[in-house]
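Subject: Structure for you to look at

Hello,

Here is the structure I promised. Please open it beside this email and follow along.

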Amino acid sequence: MAEQFHAEEPLKNETRQKIADARLRLSQPKKRRPRWQPVVACACALALAVGLSVIPRPQGVSTSASETSNSQNTLLDGFLLTAYAADENIQVPDKASHDLVTFEGNGIGVWNGPFYSGCLFQIEGPDISTVTLSIDKGSLYLEHDLARNPDGSDNSSKELLQNPVTLSLQEDTAIGFALDPETYASIPEGGDLKEGWHNCLDYFNGATLTMAITFTDGTTQTTEHHLKAGGLKVDENSTGNERVLLPVEVSKEEQTSTPYIYAIYDEDFVS
Amino acid sequence: MKSANLRDEAFMEHAISEYGDLVYRMAVLHTGSREDAKDVFQEVFLNLLQTDTPFASEEHLKAWLLRAVLHRSRDLLGSAYRRHRADLREDLPFSEPEDAELWDAVQRLPQMYRDIIHLYYFEGYATGEIAALLGKKPATVRTQMRRARQALKKLLGGTFDETEPLPQDGRAVSCRGTAQK
């Protein structure tokens, strides 16, 4: 009975081609990301840190390395993670290829609704088919239509995602960390708005984000990101519009005197 | 995904040519769908390209491929995407009506019994070899085989001989149940 089932030549030939494609992709030398990866940051309604100022940026979305003068689109193992932001130029050191670093940005806490942190990232790669994401603490959301109105106001929409979720990547979207309404309601409000906001981001301390990327040749790559939340130091020698982020944590006590950006990031970024 | 040592072209061509039918057959029998079997087929050989398992013999390679088919088929069947699709189990064409009935009966067995039946009756492995392939104890495989054959007899309502002794070392003889109409 089972002898009737044969692998026909078209299937074998298609498989041979996929193997050849995979061999080519895996054999290419890995490009290194430039040491300083410029990322355009989004302004936050709350003060980000001592010494920072929010500078309105021109209309449009800009996150990729290709927009910077000396950068290269560097893809290690087929994909690249970039923090998304909109209004402020923040440079992230190229400490490791797949470290996830996101900064508090244009988030919002909805009364009796979800909390959208504004900590956003994008996954980029030429041959990505889908991405499956899951997080063991908190939730994820999708920021659609990353653009601004002519007057500079936000024109994006936010969508709380299922957990886990499988997405086809689109250009004008980014993925962010969120809290469902019930969790959001349980977070202490703190002494002021900034403390309350940071309490929400602190919820992601110890969370693990799992990312399974499926490429167009059918292969997959899975990475785990063990997250922390807290202040990351801004280089005090940063000038002008640029803020250079350092892989150095700033404690709550130090935040009163040290420029920082509150972030959700890979624990490997600061190790 | 590691980029390190990939299997060379000659090895991969040999594997596809020599064992492609086996891999596809197992995938069809395991997933019940030719489309799913194609996915499994390609996934298995792409994994083979990148595995650094040192194959001591052809039998070792064959066993690796069979295990890869089983694992990938289980992943596929258990995936959320798969669960949300309509049942794509096909009405696969068979030249003999009794083949279709046997196929249907085997597909209705619990998954773990199906694996053993496939490997024993369709691929000719003995129970000891099946145990090694599936990572089970030989006694467990023999017990499950007996239960699988009892279940097949019940499903086929015929003279499927569940009392046939199970060779532990030599190759099994291909066996068919005889369905009564």
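Is Lys228(A) buried, partly exposed or exposed? At 26% relative accessibility, Lys228(A) counts as partly exposed. Buried means under 20% relative accessible area, exposed means over 50%, and partly exposed is in between (1.4 Å probe, protein chains only).

Some ground rules. This is a predicted model, where local features need pLDDT of at least 70 and side-chain atom pairs count only at pLDDT 80 or more, while totals for chains, interfaces and linings use all residues. Residues are numbered from 1 along each chain as its sequence is written, chains are lettered from A and ligands numbered from 1 in the order in which they are written, and side-chain values use heavy atoms, with hydrogens and water left out.

Salt bridges

Side chains of opposite charge can pair when their charged atoms come close. The search of the whole structure gives 9 salt bridges over all chains. The term needs a side-chain nitrogen of Lys or Arg within 4 Å of a carboxyl oxygen of Asp or Glu.

Lys228(A) has a salt bridge with Glu249(A) (2.9 Å, N to O). This pair links distant parts of the chain: Glu249(A) is in strand β14 of chain A and Lys228(A) in strand β13 (residues 220–234), 21 residues apart. Glu249(A) is partly exposed, at 35% relative accessibility. Helices (H or I, at least four residues) and strands (E, at least two) are DSSP runs, numbered from the N terminus.

Another salt bridge joins Lys252(A) and Asp202(A) (3.5 Å, N to O). Lys252(A) lies in the loop between β14 (242–250) and β15 (260–266) of chain A, and Asp202(A) in helix α3 (residues 193–202) of chain A, so the pair ties together parts that are 50 residues apart in sequence.

In chain B, Glu35(B) and Lys38(B) form a salt bridge (3.5 Å, N to O). Both lie in helix α2 (residues 34–50) of chain B, 3 residues apart, about one turn of the helix. Shared partners also join Glu9(A), Arg16(A) and Glu13(B) into one network of salt bridges.

Strand β8 of chain A

In this strand (residues 139–144), 6 of the 6 residues are buried, so β8(A) is largely enclosed by the rest of the structure. In a regular strand the side chains alternate between the two faces of the sheet. Here Ser139(A), Tyr141(A) and Glu143(A) point one way, and Leu140(A), Leu142(A) and His144(A) the other way.

Two strands pair if DSSP finds at least two bridges between them. β8(A) runs antiparallel to β11(A) (residues 174–179), with 5 bridges. There, Leu142(A) has Ile175(A) as its bridge partner. β8(A) also runs antiparallel to β9(A) (residues 157–160), with 4 bridges. Glu143(A) has Lys158(A) as its bridge partner in β9(A).

Ser139(A) has 11% relative accessibility. Residues that Ser139(A) touches (heavy atoms within 4.5 Å) include Phe177(A) and Phe204(A), not counting residues up to four places away in sequence.

Aromatic rings

Phe177(A) and Phe204(A) come up again here: with Phe121(A) and Tyr203(A) they form one aromatic cluster. Rings of Phe, Tyr and Trp (its six-membered ring) pair if their centres lie within 6.5 Å; planes under 30 degrees apart count as stacked, over 60 as edge-to-face and the rest as tilted. Lys137(A) lies over the face of Tyr203(A), at 5.4 Å from the ring centre. That calls for NZ of Lys or CZ of Arg within 6 Å of the ring centre and within 35 degrees of the ring normal.

Best wishes
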